[in-house]
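Here is my note on the model, written as numbered points so that each can be checked against the picture. Please keep the sequence and the structure open side by side while reading.

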Amino acid sequence: MFTKEQRNGIFLLILLIIGLQCVFFFADFSSEDISINKEEIAKFNNKIDSLRLVKLEKSKPKIYPFNPNYITDFKGASLGMSNKEIDRLLAFRKQNNWINSTRQFQEVTKVSDSLLDQISPYFKFPEWVTNPKPKQVPAFSYSNTPKTFAQKQDLNKATVQQLQKINGLGVVLSERIVRFRNKFVGGFINDVQLQDVYGLTSEVIERITDNFTVKTPRQIHEININTATVDDLVTVQHIDYDLAYHIIEQRNLMEGYKSLDELKKVKDFPVNKIDIIKLYLSLD
């Protein structure tokens with residue numbers, strides 16, 4: 001398939017390739033003049049060592065500030081605490097006790113000083129433990145001995161500013177009390193009328209009456225419950241025409257009331273307002 005010249009060329013190419021392979025295999029091209037900079041190698045190795053140390057430091061578990069009252073078994077073990085030390089802490093917490101200082105933590109757990117020095121910088125106690133606020137002295141000093149009638153202030157003359165000093169009374173409720181009182185010429189008849197002021201709880205009313213009371217009640221004409229007409233009864237707070245008819249109907253059935261408390265038997269009577277209603281009624 002090949003001519004003589006082509007066969008000679010191929011043969012020559014093969015001989016050339018074999019020759020070059022032999023030269024590459026048997027000839028030594030290495031040089032003995034290679035210089036090594038030991039100082040640069042030392043710097044390079046030091047840099048590698050420093051990078052390795054940084055990586056090891058980053059791989060260590062990082063400790064964040066924590067409240068020692070909530071140390072779990074796993075958390076305690078990671079901090080280096082023994083099982084007994086962790087059990088002492090958990091037993092202390094099961095009794096609803098709280099650790100409020102580093103010293104108390106060591107007294108409860110019995111950890112060593114060295115371990116305490118390692119972990120105590122990460123203790124984080126609540127703000128009210130580390131920076132307790134000074135107790136405020138209330139405007140009114142409450143004692144176990146109740147105030148006498150003479151020591152209390154007149155509720156019918158109390159100002160909004162004076163009422164605000166009561167714990168639980170703000171500007172809105174104090175103004176509401178004064179506004180409700182001024183609806184009546186002469187003010188309140190009795191302390192019980194505070195129940196009609198919207199927003200006052202029984203606890204707040206009790207604190208008000210510990211320091212205020214009606215000393216100058218407004219004068220009213222009491223209505224005889226056994227002779228009163230419907231028109232007479234509807235002038236009383238919390239009594240409307242329907243309730244007035246029921247009161248008279250019950251009075252006729254009972255042939256007169258013997259006690260004002262018997263009004264509780266009247267149909268649809270507002271029992272929670274009976275003390276206020278009784279202020280306007282009498283049996284005579």
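**Notes on the cores, the surface and the loops**

1. Leaving aside neighbours within four places in sequence, I225 is in contact (heavy atoms within 4.5 Å) with L233, I247, R251, Y257, L260, L263, L281, S282 and L283. A second, separate core, one of 20 residues, includes L155, L169, L194 and I208. A nonpolar core here is a set of buried Ala, Val, Leu, Ile, Met, Phe, Trp, Tyr and Cys residues joined through side-chain atoms within 4.5 Å, and buried means under 20% relative accessible area, exposed over 50%, and partly exposed in between, with a 1.4 Å probe and protein chains only.

2. Before going further, note that this is a predicted model, in which local features need pLDDT of at least 70 and side-chain atom pairs count only at pLDDT 80 or more, while totals for chains, interfaces and linings use all residues. Residues are numbered from 1 along each chain as its sequence is written, and side-chain values use heavy atoms, with hydrogens and water left out.

3. The largest nonpolar core has 24 residues, and I225, L233, I239, I247, L263, F269 and L281 are those with the most contacts inside it. Two or more residues each come from helix 11 (230-233), helix 12 (241-254) and helix 13 (274-277), and helix 12 gives the most, with 4 residues. Helices (H or I, at least four residues) and strands (E, at least two) are DSSP runs, numbered from the N terminus.

4. For the protein taken overall, there are 13 helices and 4 strands, and buried residues make up 32% of the 284 residues. Among contacts between residues at least 6 apart in sequence, 57% join residues at least 24 apart. The accessible surface comes to about 20700 Å², of which 56% belongs to carbon and sulfur atoms; such areas come from the Shrake-Rupley method with a 1.4 Å probe, and for residues only the protein chains shown count as cover.

5. Not counting residues up to four places away in sequence, V111 touches M81, E85, F105, Q106 and L116. V111 and G80 are 31 residues apart in sequence and 9.7 Å apart in space, C-alpha to C-alpha.

6. N96 lies in the loop between helix 4 (83-94) and helix 5 and counts as exposed, at 64% relative accessibility. E255 lies in the loop between helix 12 and helix 13 and is exposed too, with a relative accessible area of 72%.

7. I18, in helix 1 (residues 4-26), counts as partly exposed because its relative accessibility is 47%.
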